[in-house]
Amino acid sequence: MASFSNQIKITNFQIKSTEPVYSNQTWTGQRIMRSTGIQYYEIQFQLSFNPVSVGEVQNFLAQYSQGKPFTFSLGLLSTYRGTQTGSLTSTALVNKGNRVINTSNNSLAVGEWIQFTNHNKIYRIIERTSTSITIFPVLQNTVQASEIIKYNNLMVEAVLDPDNDYTLPVGNIMNMTFKATENIT
């Protein structure tokens with residue numbers, strides 16, 4: 001997990017869903033839309049620090065600038081504010097490529113984000129009943145029966161993008177902005 005001391009401030013955190021969708025309109029006027037690739041999240045964040053913390057930032061860059069994945073809190077977005085309480089689990093094995101997960105009683109809402117304990121991909125709920133959820137995108141990994149579904153304290157696993165500018169500014173207050181892409185494995 002990428003964590004920083006109190007000497008480094010993380011600001012301007014942004015998360016963007018990239019959803020490759022193809023749209024076509026037939027001669028009758030009907031619109032056909034379909035996904036043409038994998039959905040993933042892109043993040044951007046800024047580190048603000050004083051010269052005394054340069055070593056900590058350089059440590060982060062040494063570990064993660066060559067493609068090693070890191071986990072990062074979603075900050076305010078990782079705090080669940082809905083009505084679900086207690087543990088939520090899947091009730092049956094669901095193979096990768098599927099969208100519907102049978103669950104123990106749930107009160108998660110459409111639009112909320114979830115993760116599974118066996119992989120870090122972030123999914124969005126697009127439909128629900130009291131005993132199932134339908135997610136977007138399709139499962140990237142198999143979900144086991146009785147697997148815990150995380151809906152609070154979500155973390156994104158990401159890889160720094162190769163086009164980041166690692167120029168280290170010199171001054172009393174230093175700022176560096178980084179872009180990263182969700183690590184989908």
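**Sheet, hairpins and pocket**

Strand β1 and strand β4 (residues 40-49) run antiparallel and are joined by 8 bridges; strands are DSSP runs of E with at least two residues, numbered from the N terminus, and two strands pair if DSSP finds at least two bridges between them. The model is predicted, so that local features need pLDDT of at least 70 and side-chain atom pairs pLDDT 80 or more, while totals for chains, interfaces and linings use all residues. Residues are numbered from 1 along each chain as its sequence is written, and side-chain values use heavy atoms, without hydrogens and water.

**Open sheet**
- An open sheet is formed by 5 strands in the order β1-β4-β12-β11-β5, with antiparallel pairing.
- Its edge strands, β1 (9-18) and β5 (70-73), each pair on one side only.
- Opposite Ile-10 stands Leu-47 in β4.

**Hairpins**
- Strands β7 (residues 113-116) and β8 (residues 119-129) are antiparallel and share 3 bridges, and a hairpin of 2 residues connects them.
- Trp-113 has Arg-124 in β8 as its bridge partner.
- Between β8 and β9 (residues 132-136) there are 5 bridges in the antiparallel sense, and 2 residues lie between these strands in their hairpin.
- Thr-129 is partnered by Ser-132 in β9.

**Largest pocket**
- The largest pocket has a volume of about 190 Å³, the space filled by probe spheres set on grid points joined across faces, edges and corners.
- A pocket is an open set of points on a 1 Å grid over the protein atoms alone, where a 1.4 Å probe fits, with protein on both sides within 12 Å along at least five of seven lines; lining residues have an atom within 4 Å of a point.
- Its lining includes Tyr-80, Arg-81, Glu-112 and Trp-113.

Notes. Helix = DSSP H or I, 4+ residues; strand = E, 2+ residues; numbered from the N terminus.
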